[in-house]
Amino acid sequence: YCRNEGSLTSTLRTLLFFTALMITLPVGLYFSSKAYIFEGTLGMSDRDSYFYAAIVAVVTVHVVLALFVYVAWNEGSRQWREGKQD
């Protein structure tokens, strides 16, 4: 029972971490890349910077999702190996 409780806590902690990343990282990169990279450094128009900043946010969402799948896969296989050796 205790091992199962630790497994649940670890899984919940991982889920909450990636949920926070999914919310903050794309939104933060959208606004910062729009203002500092596309409009500030590259001198793009307001309309073009919206488009490219949205691409940055979408790519960021996909990277976070891929990282979540990778971590969840490794955590699941690790827990399976530990349970198999008992």
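Me: How many helices and strands are there in the chain?
Reply: The chain has 2 helices and 0 strands. Please note that this is a predicted model.

Me: Where does UniProt place the transmembrane region feature?
Reply: The UniProt record, an unreviewed entry, places "transmembrane region" at residues 12-31 and 51-73.

Me: And what is the chain like over residues 12-31?
Reply: That span is 100% helix and 0% strand, and its end C-alpha atoms are 29 Å apart.

Me: What about residues 51-73?
Reply: Residues 51-73 are likewise 100% helix and 0% strand. The end C-alpha atoms of this span lie 33 Å apart.

Me: Moving to the surface, which residues form a nonpolar patch?
Reply: The patch is formed by F51, Y52, I55, V59, V63 and L67. Together they have about 540 Å² of accessible area.

Me: Let us take V59 from that list. Which helix is V59 in?
Reply: V59 belongs to helix α2.

Me: Why does V59 count as partly exposed?
Reply: V59 has a relative accessible area of 47%, so it is classed as partly exposed. Partly exposed residues fall between the 20% limit for buried and the 50% limit for exposed.

Me: Now S33: is S33 buried or exposed?
Reply: S33 counts as buried, because its relative accessibility is 4%. S33 lies in helix α1.

Me: What is S33 in contact with?
Reply: With neighbours within four places in sequence left aside, S33 is in contact with F38, A53 and V56.

Me: On to E75. Where does E75 lie, and is it buried or exposed?
Reply: E75 lies in helix α2. E75 is buried, because its relative accessible area is 11%, and the cut-off for buried is under 20%.

Me: Which side chain is joined to that of E75 by a polar contact?
Reply: The side chain of T11 is the partner, in a polar contact of 3.2 Å.

Me: Which residues does E75 contact, sequence neighbours aside?
Reply: Leaving aside neighbours within four places in sequence, E75 is in contact with S10, T11 and T14.

Me: For the whole chain, what share of residues counts as buried?
Reply: Of the 86 residues, 16% count as buried.

Me: And what is the accessible surface of the chain?
Reply: The accessible surface comes to about 6600 Å², and 70% of that belongs to carbon and sulfur atoms.

Methods:
Residues numbered from 1 in each chain as written. Predicted model: local features only at pLDDT ≥ 70, side-chain atom pairs only at ≥ 80, totals over all residues. Heavy atoms only, no water. UniProt positions renumbered as here; feature names shortened; annotations may be inferred. Helix = DSSP H or I, 4+ residues; strand = E, 2+ residues; numbered from the N terminus. Patch = residues over 30% accessible without salt bridge, like charges linked within 9 Å, V, L, I, M, F, W, Y side chains within 5 Å. Areas by Shrake-Rupley, 256 points an atom, 1.4 Å probe, with all protein chains shown as cover. Salt bridge = Lys/Arg side-chain N within 4 Å of Asp/Glu carboxyl O. Buried < 20%, exposed > 50% of the residue type's maximum accessible area, 1.4 Å probe, protein only. Contact = heavy atoms within 4.5 Å. Polar contact = N/O pair within 3.5 Å; in protein donor to acceptor, adjacent residues only side chain to side chain.
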